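Let's take a walk through this model and see how its parts meet. Here it is.

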There are 2 protein chains.
Amino acid sequence: MKQENRKDEIIHTATKLFKKKGYSAVTMRDIAKSMGIKAASLYNHINSKQEILTNIIISLAEEFTDEMNNILKSDLNSIDKLKEIISLHVKITSENTNGMASLNNDWMHLEEKLDYYLSLRHKYEEDFREIINEGISKKEISNSNSEIMLFSMLSTLRSLYLWTPNQKDINELANSLSDVLINGVKI
Amino acid sequence: MKQENRKDEIIHTATKLFKKKGYSAVTMRDIAKSMGIKAASLYNHINSKQEILTNIIISLAEEFTDEMNNILKSDLNSIDKLKEIISLHVKITSENTNGMASLNNDWMHLEEKLDYYLSLRHKYEEDFREIINEGISKKEISNSNSEIMLFSMLSTLRSLYLWTPNQKDINELANSLSDVLINGVKI
DNA sequence: TTACGAAACTAACAACCGTTAGTTTAGATT
DNA sequence: AATCTAAACTAACGGTTGTTAGTTTCGTAA
């Protein structure tokens, strides 16, 4: 029986390095060195470099999928659903800032799980789109450029990992972000 | 005398590959194969893989810097300056969509030019911030969360390379984007 | 005390990396 | 026809890659 603890340490260390340089530029020797052991020792706990990446990305993607399902099923109005999505991104990003870098930048290096990842991603975007379009038809959201709204919000939320490390109060961040994304910057 | 044409072809080919897999995952043999030649032949035209990346990133970064300078010096009001910045990103991204991927994701692999790149990037963000803060003090921009406004707009604009390929009318895109970023999504 | 097992180690592998050296090809210039 | 040159080629280099095999270490259970 493997101790799950050590495996998690490896993944945690790898995640930090992947954020700095990207999956392809990080070697097994880099990961090992940063833990004070030799590269071969990593294989007592994991099966491959690829497995580390898959573990990082798929767990995050599934977390987003699950929570999006809950938001969709809720009876909130469209604007409040958007606020929930924003809070979801702030929460997950603050809990695993480094992992979000891999989710955003290294997903194309997934192998066996690439198609599965792409299906989760596609479904997530479809659900997000549906919330916006529902808001437009219910006159809760401005009737223009739903695709641009979707991509503007999604782009900002996906970039959160680049600057949440500096953030202190997570709820305050979610509220401020909701304010800007929903109301814009004009006075 | 080297023919600049062939060098540009190499950079153009490399840029496409860098967008798909990232700088580190693309090999000189990949670039050569995609041009129908051998890797060694690339060195008749370029000095190193690093030179290709530097060429892609620095030329884009300097273009942003120059145009930001013009916007800063103009006598537009704050909102119109923001609209000019949005147009600038749409224009550069539509002209070199693939290169923008490297600018966003591969800048950390710059070597000699890394510090120079970081200084341009820092200056650009400072100028952007100044425009927002000026707008707030002139009561043209909402008095709240200037940092979040900055990062929200910048995140969206930096992600443009992910979806402008599908876009047809560039001016229409800039206008719609301005609408969403400045006025938000609420009705 | 002995035996066990998790987790480290050393050594090595085949493949691939960026790059260099020297050579061949073929079209343009003299 | 002879010469030159840009741009391709083949071959190879020293180093690095992910990974495997077999061995050692050492705390815990029997």
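Across the interface of chain A and chain B, 13 residue pairs are in polar contact, both partners at pLDDT 80 or more; that term covers N or O atoms within 3.5 Å, within protein one able to donate a hydrogen and the other to accept it, with sequence neighbours counting only if both atoms are side-chain atoms. Salt bridges (a side-chain nitrogen of Lys or Arg within 4 Å of a carboxyl oxygen of Asp or Glu) come to zero between chain A and chain B.

This is a predicted model: local features need pLDDT of at least 70 and side-chain atom pairs pLDDT 80 or more, while totals for chains, interfaces and linings use all residues. Residues are numbered from 1 along each chain as written, chains are lettered from A and ligands numbered from 1 in written order, and side-chain values use heavy atoms, without hydrogens and water.

Chain A and chain B each bring 36 residues to their contact, meaning heavy atoms within 4.5 Å.

| Protein atom | Distance |
|---|---|
| A:Ser41, polar side-chain atom | 2.9 Å |
| B:Val26, polar backbone atom | 3.5 Å |
| B:Tyr43, side-chain N or O atom | 2.6 Å |
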